[in-house]
Amino acid sequence: MDLGISGRVALVTAASKGLGRASAVALAEEGCRVVICARGEEGLADAAQEIGTTGADVLAVVDDVTDPEAPARLVATTVEHFGSVDIVVGNAGGPPPGRALDVPDEALLAAFNANMVTSVRLARAAVPSMRERGWGRICFITSYSVKQPIPTLALSNVARTSLWAWAKTAAADLFADGITVNLAAPGLHDTDRVRALRGGSPAAAAGAGEAIGDPRDFGRVVAFLCSEPAKFVSGVALQVDGAATLGLL
Ligand code: NAP
């Protein structure tokens with residue numbers, strides 16, 4: 001299937017590893033020009049090199065997306081370099097684990113900043129360029145916790161459901177402008193974060209009886225949500241979780 005986004009300009013944040021990187025690669029494979037960011041220079045260069053092998057133009061920018069000025073700075077750099085921003089994939093590192101009663105104020109505020117407010121800042125900064133062209137795709141990488149809270153990840157649960165509520169509201173406001181807003185909500189995927197949380201080795205990433213997803217497949221789902229034929233898909237939180245979520249909503 002032709003996703004119809006060849007030549008579009010995509011900004012993918014937190015994209016030197018894992019799900020962000022896989023999304024950037026998938027968009028590049030569809031012919032997008034891609035801007036990626038992360039804090040670590042080495043990982044970013046490695047990701048840029050992989051994206052370059054698709055033949056796509058890529059710009060790698062070292063930045064910390066949780067800095068309040070970073071989202072607007074990244075959008076401005078994207079527009080300056082490629083002339084527009086058509087697709088934004090908002091991603092950030094996940095918050096630390098913790099049960100509901102064990103989360104201190106500072107950790108709550110940090111999670112809200114990284115996994116909610118940062119995404120709103122990104123969308124606010126990108127929408128004017130999208131409106132100019134009457135076309136835009138905004139996709140936030142969140143977690144299946146927007147559908148089913150994860151008992152040991154209270155910070156993730158509250159920050160991401162808050163973003164989900166914002167995205168649902170924004171989707172209705174932006175649809176008439178040709179801009180969609182969706183969430184890609186991953187379940188367990190084999191990334192560095194998951195390996196670190198679970199003891200390091202690939203074998204340790206999935207527990208007994210647990211299914212684990214391939215980040216490259218996840219990236220292609222993100223690319224579909226950002227595609228031309230997905231123009232009527234907006235205000236959706238799409239679980240990519242191997243049927244892990246049990247609720248009916
Ligand atoms: P990962 O493998 O640890 O990769 C995280 C990426 O984000 C790295 O490129 C990292 O690079 C970058 N990053 C982290 N903090 C950043 C910041 N402040 N500014 C800019 N870049 C930053 O993580 P992942 O597994 O792909 O997870 C991505 C997101 O999906 C997280 O929010 C995670 O909680 C969520 N999620 C993941 C899973 C899963 O199974 N993998 C499931 C549900 C939800 P630097 O460290 O160099 O900045």
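Biologist: How many residues surround the ligand, and which are the closest?

Modeller: This is a predicted model, in which local features need pLDDT of at least 70 and side-chain atom pairs count only at pLDDT 80 or more, while totals for chains, interfaces and linings use all residues. Residues are numbered from 1 along each chain as its sequence is written, and side-chain values use heavy atoms, with hydrogens and water left out. Taking a residue as near if one of its heavy atoms lies within 4 Å of the molecule, 28 residues surround the ligand, and the closest are S16, R39, A92, H189 and T191.

Biologist: Which helix gives the most to the shell around the ligand?

Modeller: Helices here are DSSP runs of H or I with at least four residues, strands are runs of E with at least two, and both are numbered from the N terminus. At least two residues of the shell come from each of α1 (18-29) and α6 (192-197). With 3 residues, the one that gives the most is α6.

Biologist: Why does the pair of F175 and F232 tie together parts that lie apart in sequence, and how many residues apart are they?

Modeller: Rings of Phe, Tyr and Trp (its six-membered ring) pair if their centres lie within 6.5 Å, with planes under 30 degrees apart counted as stacked, over 60 as edge-to-face and the rest as tilted. F175 and F232 are edge-to-face, at 5.8 Å centre to centre and 70 degrees between the planes. Because F175 lies in the loop between α5 (154-174) and β6 (179-186), and F232 in the loop between α8 (215-225) and β7 (237-240), the parts tied together are 57 residues apart in sequence.

Biologist: Where does A14 lie, and what is its phi?

Modeller: A14 lies in the loop between β1 (9-12) and α1. Its phi is positive in a residue other than glycine, near 50 degrees.
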